[in-house]
Amino acid sequence: MRKDSYAEVMAAKEEIIKAAVGLDYSQFERGLGFDYAGLMDSVPYTGAEVREILAGLGVGNTPLIEAKNITRLLRKFSAPGYGARIVIKDEAQNPSGSFKARRAALSVYEAKRLGYEGVVAATSGNYGAAVAAMAAKLNLRCIVVQECYDSRGIGQPEILEKQRACEALGAEVVQLTVGPELFYETLCILKETGFYNASLYTPSAIRGIESLGYELIQQSRELFGKDPDYVIATNAGGGNLSGTARGIRAAQAEGAKVYAASVDLSGLHMASDLDFNRKSFTTGHTGFGIPFTVRPDRSDVPRNAARPLRYLDGYLLVKQGEVFYLTECLAALEGLERGPAGNTSLAAAFALARTRPEDELIIVQETEYTGAGKHPMAQLSFARQQGIDLSFGDPDTEVPGQSIVLPDSPAALKLREYPLENLRLSALRHCLAGRSVASLAAEELSYLAEELGLEREALDPLLEQFEG
């Protein structure tokens, strides 16, 4: 069968996506902005109904585990009276081993409700396995499109492990080299099969993660008699943070600050064949986290339901070596062997906790499973094979793509905060797209403030930088 050309497929992408998600996004367009609340309300379930659906699929109700030994360790390197308690939401206990079972559960449930015969997911990560697991439970076919090789045919062990998991759970896996063909191939498969696009960024996917935020607040109140002071979520495409934050708001935990955490891979380009295997993290890093925060609609649906800037109270950066170090600490001190990518937020929490009073509570919002290629030793061995220098020392000397520096002491883990104003200015530049500030209507200004996570009056100082 003849496959349409790249140009033909891209020209038809809006109709292909509309047919593949059963949702007309054009109804939410409002000139400069769009009706975000309407998009999220298009999912026909209440929060309680979402949690019931997930429970029926064996998803959720994962435990909160206080990391008492890690807290004791960080207090040894904190000023007197400082060293907040760290608690971990152990999402590795979900089917498929990560929080992404929550977003997959509701997405695949929607596909079943709408009458689709199968689902397609484009991902190199845990989401593919989650979609495969939920499709198996709901008796739907599943195709996972995976970007996993460089042009030499070399694949990262972490991604190849996820391929194994997807196939073990019954999915057909289409493997690609890095580059623009991922979106093209996904659109072709959607058009040919008529399957549902189980995108990471549909409102159903984000509504599924809301259960995580709501759940951890309820558990915190039951176990500790209070809301957390901070919830830290690993950030890549923004869905993890957006859904969790929405769930926290639904639980009316106004005092809980929501922070993003990403691995600092500055200097590497995520679509570069040369850089593809020079990084040890395929998700939860700045190569996705920063671009998707400031320009979320770069996704595979017309309007991304993941919009982290609406919810952020802070953005923390960690180094690759710090994440591997905390992964080993979690196993050796707490008896929890979990995958490195899920420990990005744990590394950030460790540094933050040293600066906060002892009576404060920080919840690390998720863990992920480990094993085979996802294990730290497999990833570090692969990095060395790619010419990456491995050493112990000051993590700030790490150069992405050239070195991984594990801390030589717990005191070497540092708090690095990415300025939210920089993110907001960059996002505002994309939103304005050549429009003059003077031409903006009142409703457009209100939209921009909401999009940037600001009160309306706080928008004006940023707009002043675009006048004239």
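Visitor: Which ring does the charged end of R51 sit over?

Guide: That of Y214, with the charged end 3.8 Å from the ring centre. A charge sits over a ring here if NZ of Lys or CZ of Arg is within 6 Å of the ring centre and within 35 degrees of the ring normal. This is a predicted model, where local features need pLDDT of at least 70, side-chain atom pairs count only at pLDDT 80 or more, and totals for chains, interfaces and linings use all residues. Residues are numbered from 1 along each chain as its sequence is written, and side-chain values use heavy atoms, with hydrogens and water left out.

Visitor: And which ring has the charged end of K374 over it?

Guide: The ring of Y369, at 4.9 Å from its centre.

Visitor: Ring on ring, then. How many aromatic pairs are there?

Guide: Ten. Rings of Phe, Tyr and Trp (its six-membered ring) pair if their centres lie within 6.5 Å; planes under 30 degrees apart count as stacked, over 60 as edge-to-face and the rest as tilted. One of the pairs is Y6 with Y184, which is tilted, at 5.7 Å centre to centre and 45° between the planes.

Visitor: Where do Y6 and Y184 lie?

Guide: Y6 is in helix 1 (residues 6-11) and Y184 in helix 9 (residues 181-193), so the pair ties together parts 178 residues apart in sequence. Helices (H or I, at least four residues) and strands (E, at least two) are DSSP runs, numbered from the N terminus.

Visitor: Is Y184 buried or exposed?

Guide: Y184 is buried, at a relative accessible area of 12%, while Y6 is partly exposed at 43%. Buried means under 20% relative accessible area, exposed over 50%, partly exposed in between (1.4 Å probe, protein chains only).

Visitor: What kind of pair do Y230 and Y259 form?

Guide: An edge-to-face one, with 5.3 Å between centres and 85° between the planes. Y230 lies in strand 9 (residues 230-234) and Y259 in strand 10 (residues 257-263), so this pair ties together parts 29 residues apart in sequence. Both tyrosines, Y230 and Y259, are buried.

Visitor: Which residues do ring pairs link into a cluster?

Guide: F34, Y36 and Y447.

Visitor: How many bridges join strand 5 to strand 6?

Guide: Five. Two bridges join strand 5 (residues 118-122) to strand 8, where N197 is the bridge partner of V120.

Visitor: Why is strand 5 described as largely enclosed by the rest of the structure?

Guide: Because four of its five residues are buried.

Visitor: Last topic, backbone. What is the phi of N61?

Guide: Near 55°, a positive value in a residue other than glycine. N61 lies in the loop between helix 4 (47-56) and strand 3 (64-66), and is exposed at 60% relative accessible area. N139 also has a positive phi, about 60°; N139 is in the loop between helix 7 (126-137) and strand 6.

Definitions and conventions. Two strands pair if DSSP finds at least two bridges between them.
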